[in-house]
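Biologist: Could you walk me through this model with me asking and you answering? I would like the cut-offs along the way, please.

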Amino acid sequence: MSDPYASRTPVHEQVVDGLGTVRILPLDPGADAGVIHRWVSEDRAAFWGMTGLTERQVAGIYAHMETLPAHHAFLVVRDGEPVAVLQTYEPEADRVGECYEVRPGDIGVHLLLAPTGPGGAQPGWTSRLVGVIAAYVLLGLDRRRVVVDPDVANEKAVARFLKQGFTPGPVVILPEVDLPDVYLPEKKAQLAFLDREILFPA
């Protein structure tokens, strides 16, 4: 089976035992909207905030994100199969920056995993995938610390980050964002932080 993503240049590529070849590709709003729309339309993706949107609306959101210098979106592909959407952002350019003391070298991350395949969840799979993403964000981008802000009600995401070595921070209220091109409702979030030294000791 040919890899439909083979012609696209990754920002990061890593071979991982038990996982395969993982490539992090700059997201193409037109080409990737169909895959992402299927994922975000599921009930389990409600916290991603795109449930009920059309494929064209999803493409429009990511096309707008391409214009933002401090926000970036990526499609994570394993052996030619899309497995996650990764978004990175500069915390000082995001509403989360109003809720904690941003340090030099911080980078924010949002991660949406693909639905579990027909074979079911594979033990340790998510942990290894997050490890690849951490390698890109912390080593590839030379950052000191990752910050995440899952909804406090998204217990699975919170537990996943803590299991990965994140340290819980405060519970905060992310303010509503109401702009012509983007609307984000107020969100009660559990901040969590991962220092580079935890995963990649010097």
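Biologist: Happy to start with Leu86: in which strand is Leu86 found?
Modeller: First, a note on the ground rules: this is a predicted model, where local features need pLDDT of at least 70, side-chain atom pairs count only at pLDDT 80 or more, and totals for chains, interfaces and linings use all residues. Residues are numbered from 1 along each chain as its sequence is written, and side-chain values use heavy atoms, with hydrogens and water left out. Helices (H or I, at least four residues) and strands (E, at least two) are DSSP runs numbered from the N terminus. On that basis, Leu86 is found in strand β4.

Biologist: Is Leu86 buried or exposed, and what is its relative accessible area?
Modeller: Buried means under 20% relative accessible area, exposed over 50%, and partly exposed in between, with a 1.4 Å probe and protein chains only. Contact means heavy atoms within 4.5 Å, and beyond its neighbours within four places in sequence Leu86 is in contact with residues including Ile24, Phe74, Val109, Leu111 and Ile133. Leu86 counts as buried because its relative accessible area is 0%.

Biologist: Which element gives the largest share of the lining of the largest cavity?
Modeller: A cavity is a set of points, on a 1 Å grid over the protein atoms alone, where a 1.4 Å probe fits but cannot get out, and lining residues have an atom within 4 Å of a point. Grid points are joined across faces, edges and corners, and a volume is the space filled by probe spheres set on the points. There is one cavity of 30 Å³ or more, and the largest cavity holds about 100 Å³. Its largest lining share, four residues, comes from α3.

Biologist: What distance does α3 reach from its first C-alpha to its last?
Modeller: The expected span of a helix is 1.5 Å times one less than its number of residues. With 16 residues, α3 has an expected span of 22 Å, and the value is close to that: 21 Å.

Biologist: And how far apart are the end C-alpha atoms of helix α1?
Modeller: Helix α1 covers residues 29-40, and a straight helix of its 12 residues would reach 16 Å. Nine of those 12 residues are buried, and what covers them includes α2, β3, β4 and β5. The end C-alpha atoms of α1 fall short of the straight value, at only 14 Å.

Biologist: Which residue caps the N-terminal end of α1?
Modeller: Look for a side-chain oxygen 3.1 Å from the backbone nitrogen of Gly30. The residue that supplies this oxygen is Asp28.

Biologist: What is the phi of Asp142?
Modeller: Most residues other than glycine have a negative phi. Asp142 lies in the loop between α3 and β6, and it is exposed because its relative accessible area is 53%. Although Asp142 is not a glycine, its phi is positive, about 55 degrees.

Biologist: Finally, is Arg145 buried or exposed, and at what relative accessibility?
Modeller: Arg145 is found in strand β6. Beyond its neighbours within four places in sequence, Arg145 is in contact with residues including Tyr100, Glu101, Asp106 and Asp195. Arg145 counts as buried because its relative accessibility is 7%.

Terms used: 1 Å grid on protein atoms, 1.4 Å probe; cavity = no way out; pocket = protein on both sides within 12 Å on 5 of 7 lines; lining within 4 Å. Polar contact = N/O pair within 3.5 Å; in protein donor to acceptor, adjacent residues only side chain to side chain.
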